[in-house]
Amino acid sequence: MPRSQYAVRLAGGLLFLSSLLFATVSSAATLSIGERIYREGVLPSGEPVQAVLRGDVLVDGTTFTCISCHLSSGLGSFEGTVRTPPTNGVKLYQPLKISYNTSGVLRAPMLRPAYTDQSLAEALRAGVNSSGQALNDVMPRYMLDDPDMAALIAYLKSLSSQPSPGVYDGKLHFATVITQDVSAEEQEALMVPLENYITKRNNQVKVYESSPKLARVTEVMFGTKQAVSMKLSLSKWMLKGPPETWRSQLDEYYANDPVFALVGGITKGGWKPVHDFCEENRIPCILPITDYPVVSGTDWYTLYYSKGYYQEGESAARYLNSRENPVNDEAVVQVVRDSPEGRALSEGFVATWLALGRKTPVTVTLKEGETLTSDILHGLAVKEKTPCILLWDGPEALPALDLLATGNDRPDTVIVSSGYLGKSLWTLGDQAREFTCLTYPYRLPQDEARQKAYLMTKGKMDVKGDAELVLKRTHSLILVLAQAVMDLRGDYYRDRFLDAISMMQDLQAPLYERLSFGPGQRYASKGCYIVQLTKGPDPQMVKKSAWVIH
Amino acid sequence: MTRRIVYALQFSILLLVLGFVGVADASTSYKRTIESYTMPDVVLVNQDGKKVHLKELLQSDKVVIVEFIFGTCTTICPVLSAGYTNLQQKLAPDTQKVRLVSITIDPENDTPGVMKEYLKRYRAKPGWDFLTGSRSDIDKVMNSFNAYVSNKMFHTPLTLIRLPKDGKWVRVYGLMSTSEFMEECKKAGVK
């Protein structure tokens, strides 16, 4: 090839590559603008999108973001009397029909023809859909100029446009992560009911396959034929060794088995490596059992039962702040064992205490193995003149607490964690019970004994102690999972899975007084009682606070 | 900035040409009744963490408006709250001449911190309080207004306007435009 011709081709190639690069960058920039409008209601200028609601109510797009109603997946929501339709390109650019057909003969009417870019822009600006009908009054009319409108439409086209991983061979694939430190009984209490649920669900599919009439009726609930016949699979991902090695194990599991979501899971330690893995890969992880969840106001992909020990500390702070005679800032001292439990309890207390406008409390740290003596507690009570000690320590603290009870100058209140004390809390001496309060993040034992719903999950399993606690949580997990799988209605997108859970009704569950959900709510149980023990050989817990303390 | 103004004008013209404003007004439908309610003697907590005796707050010589909402609500609450925002804008600078009260139906999640952030998002001015409390107290309040829902996902658009002259309540079921909302306030005695 002559050099000149080569140079021309090279230049042409470079030009083509640079134009491709420009197009990609431009497209990414456009999508980014559209995403910000969708998620934050903010224009490229940094100003909020302006909108009109109900004909004459002027509103900022920041209070009426698209995501607040159409949710993260863009597939809409249902709340009260309002159903918000999907707003992702895949659905918008198809005619909207009623999505089920029970009769098997009559076709449902078309609700609107497919949108075009032009009719979609008109719908967003003027609130008139592609068939000329006015949209619901709760849909604002957005004042977007052409470039911003184009960016938003480009983003809507990208939203929930590619099926999520983990949906293949007619199955929705899940995995459960369990760490090596979990006992065989607890593993069984999680895996057996979960596997039973999956088997039952898959057996139902076989029934639908053999009965077209039943399948058509079921289609009403599941949304599409594909959803009715979708089977489930569950893998068990065992993590071995120290937490710093978990990430590479998770990456390897995921490379070989790209699941749709993680369900359940247990560890005795922290969940952070799994949490981060899910956040970075955008994999939903619902209701893992851990006392050390990641406490974050922004992370989205993991839904926990509660904030664990952190929540007990948080509730102690709210309790002290809300008492009839709230304690002074100076009157609070924390004694914190330098352990994962102690640190999490202290972290929850301090963060909440400061958020309530209080000052950083005096903190005394107990090293691992250091004995807590009543002299230390007594000394704090005298030296700091504190009427309130938060004692974030385990069962080894009880002798000192009992001794403190027999002396003078004891504080008015000592708060301890029921989770950290475990069963030993019931051995607290009568005198110490007079001034000791406990954080208790579950329904009280005497009320919990009346809860029977989880027995259907238990079946003939012989579970006790910690394994029974796992089983009770698994009961709630299965309820949430079964509902979410149904509510996907054939839209197998990971964000939709979490959106579906966010629209669920509150759950009356074992262990917790209430599990509640909502967009962005990532800790289903928000409560924790402050309790005291009655005196005598068979003590009962008595509530000193509401389930949720404000 | 000029481009924004021009665009806003174009947008207004578009709405007029399409007759959308008219369509919205023409489609307005909300149910309005006059009711008497007995308030429970409960202490709730406002966005600043302060305890509020609900009875005292509501038994005012000002017009009082109550709505039930929650912080992570997707559809109805933003519309109700936008109504409050716009009403306060119209009342400014004397925003306190009407007492606006939002009461959560999700007390588990709606802590004072969450409520404060919510009010900030809606540019709330003095005169607008967001209240939370124990589940049992919130249930009592919902029941006393005949507005009980067992679950937040079942909630409905409801605005309750207290008439200071006789303590009766205007119960509005449905969503109002600002002009309709202002009209109801005028009828209640707001000048």
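Guide: In this predicted model, the side chains of A:Arg433 and A:Asp430 meet in a salt bridge at 3.1 Å, N to O, a salt bridge being a side-chain nitrogen of Lys or Arg within 4 Å of a carboxyl oxygen of Asp or Glu. Both residues belong to helix α16 (residues 430-433) of chain A, and because they are 3 residues apart there, about one helical turn separates them; helices are DSSP runs of H or I with at least four residues, strands are runs of E with at least two, and both are numbered from the N terminus. A:Arg433 counts as buried at 7% relative accessibility, whereas A:Asp430 is partly exposed at 34%, where buried means under 20% relative accessible area, exposed over 50% and partly exposed in between, with a 1.4 Å probe and protein chains only.

This is a predicted model, in which local features need pLDDT of at least 70 and side-chain atom pairs count only at pLDDT 80 or more, while totals for chains, interfaces and linings use all residues. Residues are numbered from 1 along each chain as its sequence is written, chains are lettered from A and ligands numbered from 1 in the order in which they are written, and side-chain values use heavy atoms, with hydrogens and water left out.

Over all chains, the search finds 32 salt bridges. One of them joins A:Lys91 and A:Asp491 at 3.0 Å, N to O; A:Lys91 lies in helix α3 (residues 89-92) and A:Asp491 in the loop between α19 (465-487) and α20, so this pair ties together parts of chain A that are 400 residues apart in sequence. A:Lys91 is partly exposed, with a relative accessible area of 29%, while A:Asp491 counts as buried at 13%. Another salt bridge connects A:Arg247 with A:Glu280 at 2.9 Å, N to O, and it links helix α9 (residues 246-256) with helix α10 (residues 272-281) of chain A, the two residues being 33 apart. Here A:Arg247 is partly exposed at 25% and A:Glu280 is exposed at 56%.

Salt bridges also cross between the chains, where the count between chain B and chain A is 3. In one salt bridge between A:Asp60 and B:Arg123, the closest N and O atoms are 2.2 Å apart, and a network of salt bridges links A:Asp506, A:Arg514, B:Glu108, B:Arg135 and B:Lys152. At this interface, 56 residues of chain B are in contact with 57 residues of chain A, contact meaning heavy atoms within 4.5 Å.

Charged side chains also meet aromatic rings. The charged end of A:Lys307 sits over the ring of A:Tyr523, 5.5 Å from its centre, and A:Lys472 lies over the face of A:Tyr454 at 4.9 Å from the ring centre; the rule asks for NZ of Lys or CZ of Arg within 6 Å of the ring centre and within 35 degrees of the ring normal.
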